[in-house]
Amino acid sequence: MISERKKEITETNRLDYMDAVRGFGMILVMLVHITSSPSLLECLITSMINPLFFIASGFLTAHTGGFLKHKPARYTISLAKHLFIPYFCFSFIGLLIRFVYNLCAHKDQWELLYKEIKKTLSLVGVAALWFIPVFFFGKLVFFFIMRSHIILRIIYLIITPFIFYGFGILNTSYSGMYGKGFVGTLLRSAIRIPSVSLLAAWFMILGYLAYTLYNRIPDNAVRLAIGVFFSALTVWLSWLNGAVHPRQTDVGCYPILFYVTALTGSFGVILIIDWLYKHIPLGPLRYLGINSITIMCTNSLFLLNDLARSLWKLIVHRIPGPSSPTYALHCLAILVILIILEIPIILIVNQAKRLCNKYKKSP
């Protein structure tokens, strides 16, 4: 009985630790919607912001290990409920907010509303909501690849970076030929969503495999040292490669560095937070991670990042450009305001319908 209780506590702690990783990822998401280009901060964030979520998902799946037992149809339906219900619910609310905002700003609100409805229905998504369909299809690809023969998994790991790069060339070459109508939006979606979903599954598989290596490093000090080294390497390499944008299939100046910094940055964060979790409370990060879907769906869709920036401008009157040495401090101040604005939305969502997360009480 005692050993079973210890095992249960260990399992809970590991899950809390990955919640903290996702929480840190959400801070990066909010920061990237605040920062301006070009800046070292933006290059660093974009190099690992999306891969971190995907790698953490594969890492956590390897730890729990139960997803392979699910039946495909049941798994697909459950995943669709968990992701697409918030996708459409938040999209509807966000479109209303943007319609009112554009009306007050005397913009052509009907044309803008039409464009945003097209993006929603084609699953391109308004603002950061593109992440939800990509995560859904990426999880499905990951599910079926991990249930396949090992040779197919190896082939997938080898060819996916080349496929993604090919999609990027296709997207760049023919983006001007799509047109601006609904058909053009569907064509853009037909290129971006599959390509980024394949890449998402690729990172999930690497996260799944990395869990084995993680367990072979029992010494916490060694894990911390590796995490710090990876993080320092990511800062340097991300600046060399410049800002990237996986949704736009943009991998920067040197495509190979996109994959390298995605891996080193993500594993660096995971290993450092693993060490921190054992020494200091990470309750706020856990809370952000638990509510990551809600934050992802609302922080830019509801124009909260613009509101946070405007509120900070009321205090300082002027925000310096990216070249200023104090620019990062201003971004952090706006981030704090943005998190404060997010908390009431999180509380409302958790009280109304627990659709966005497996709800836990705030630590």
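Me: What should I know about the model before using any values?
Reply: The model is predicted, so local features need pLDDT of at least 70 and side-chain atom pairs count only at pLDDT 80 or more, while totals for chains, interfaces and linings use all residues. Residues are numbered from 1 along each chain as its sequence is written, and side-chain values use heavy atoms, with hydrogens and water left out.

Me: How many helices and strands does the protein chain have?
Reply: The protein chain has 13 helices and zero strands. Both are DSSP runs numbered from the N terminus: helices are H or I with at least four residues, and strands are E with at least two.

Me: And how much of the chain is buried?
Reply: Of its 363 residues, 49% count as buried. Buried means under 20% relative accessible area, exposed means over 50%, and partly exposed lies in between, with a 1.4 Å probe and protein chains only.

Me: What share of the contacts comes from residues 24 or more positions apart?
Reply: Such residues account for 81% of the contacts with a separation of 6 or more. A contact means heavy atoms within 4.5 Å.

Me: Let us turn to Tyr 87. Where does it lie?
Reply: Tyr 87 lies in helix α3, residues 72-104. It counts as buried because its relative accessibility is 0%.

Me: Which residues does Tyr 87 contact, leaving aside neighbours within four places in sequence?
Reply: Its contacts include Lys 119, Leu 123, Ile 132 and Pro 133. The C-alpha atoms of Tyr 87 and Pro 133 are separated by 8.3 Å, although the two are 46 residues apart along the chain.

Me: New topic: α8. What span should it have, and what does the model give?
Reply: Helix α8 has 22 residues, 220-241, and should span 32 Å at 1.5 Å a residue; its end C-alpha atoms are 31 Å apart, which agrees. The expected span is 1.5 Å times one less than the number of residues.

Me: Which residues of α8 are buried?
Reply: They are Arg 223, Gly 227, Thr 234, Leu 237, Ser 238 and Asn 241. These residues cover an arc of only 105 degrees around the axis, which puts them on the same side of α8. The arc is taken from the directions from the helix axis to the C-beta atoms.

Me: What does the face turned away from the buried side carry?
Reply: That face of α8 carries the exposed residues Phe 229 and Trp 236.

Me: What is found just after α8?
Reply: Gly 242 takes a positive phi of about 85 degrees there.

Me: Now the charges. How many salt bridges are there?
Reply: The count comes to five salt bridges, each being a side-chain nitrogen of Lys or Arg within 4 Å of a carboxyl oxygen of Asp or Glu.

Me: Which partner does Arg 223 have?
Reply: Arg 223 meets Asp 274 in a salt bridge, at 3.0 Å from N to O. The pair links distant parts of the chain, with Arg 223 in helix α8 and Asp 274 in helix α9 (residues 255-277), 51 residues apart.

Me: Are those two buried or exposed?
Reply: Arg 223 counts as buried at 6% relative accessibility, and Asp 274 counts as buried at 2%.

Me: What does Asp 274 form with Lys 278?
Reply: They form a salt bridge, with the closest N and O atoms 2.4 Å apart. Lys 278 counts as partly exposed, at 43% relative accessibility.

Me: And Asp 306, which partner does that have?
Reply: Asp 306 forms a salt bridge with Arg 309, the closest N and O atoms being 3.4 Å apart. Because they are three residues apart in helix α12 (residues 304-316), Asp 306 and Arg 309 are separated by about one helical turn.
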